[in-house]
Amino acid sequence: QTYKYLKTVFPGDINWNFATKFLVGKDGIPINRFDKNQTWEEIEGVIKTALDKEYENDKIPNSNQNEKDVEKKDNANDDNNDNNDNADKEKAEEQKEDDNDKATVDAKEYVESTISSGAIVM
């Protein structure tokens with residue numbers, strides 16, 4: 001179908017093996033046909049002009065951009081969650097150290113009180 005459509009827009013033989021090239025705009029409408037006689041500089045100029053052209057769809061907010069914005073927000077939230085997870089881990093480590101210190105003090109006090117009460121003879 002594409003072949004037939006391009007033949008109606010740009011009549012003439014279409015050479016095989018990539019000798020004939022077509023430039024299609026962002027809106028899907030063929031802009032130009034290039035045969036083997038055009039230089040790459042000529043083709044590049046037409047492409048640049050086509051890229052500079054404003055299309056109707058350019059005025060509509062890009063849903064892909066919206067998706068990218070949402071993805072950036074999700075990634076930022078993930079980063080914040082990672083930071084929160086790291087902070088929680090640090091707090092847990094600090095609490096564990098505090099608990100270990102308290103257990104050491106409690107054990108020392110227990111041993112001292114037991115010795116002083118005469119229950120354990122050293």
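In which sense do strand β1 and strand β2 pair, and over how many bridges? The two strands, β1 at residues 21–24 and β2 at residues 30–34, run antiparallel and share four bridges. Pairing here calls for at least two DSSP bridges between strands, and the elements themselves are DSSP runs numbered from the N terminus (helices are H or I with at least four residues, strands E with at least two). This is a predicted model, where local features need pLDDT of at least 70 and side-chain atom pairs count only at pLDDT 80 or more, while totals for chains, interfaces and linings use all residues. Residues are numbered from 1 along each chain as its sequence is written, and side-chain values use heavy atoms, leaving out hydrogens and water.

Together β1 and β2 make a hairpin with five residues between them, and Gly28 in the turn shows a positive phi of about 90 degrees. Phe22 has Arg33 of β2 as its bridge partner. Arg33 also turns up in a salt bridge with Asp35, at 3.4 Å from N to O; the term covers a side-chain nitrogen of Lys or Arg within 4 Å of a carboxyl oxygen of Asp or Glu. Arg33 counts as buried because its relative accessibility is 12%, whereas Asp35, at 27%, is partly exposed. The cut-offs are under 20% relative accessible area for buried and over 50% for exposed, with partly exposed in between (1.4 Å probe, protein chains only).

The structure holds two salt bridges. Glu44 and Lys48 form one, with their closest N and O atoms 3.5 Å apart. Both sit in helix α2 (residues 40–52), four residues apart, or about one turn of the helix. Glu44 is partly exposed, at 41% relative accessible area.
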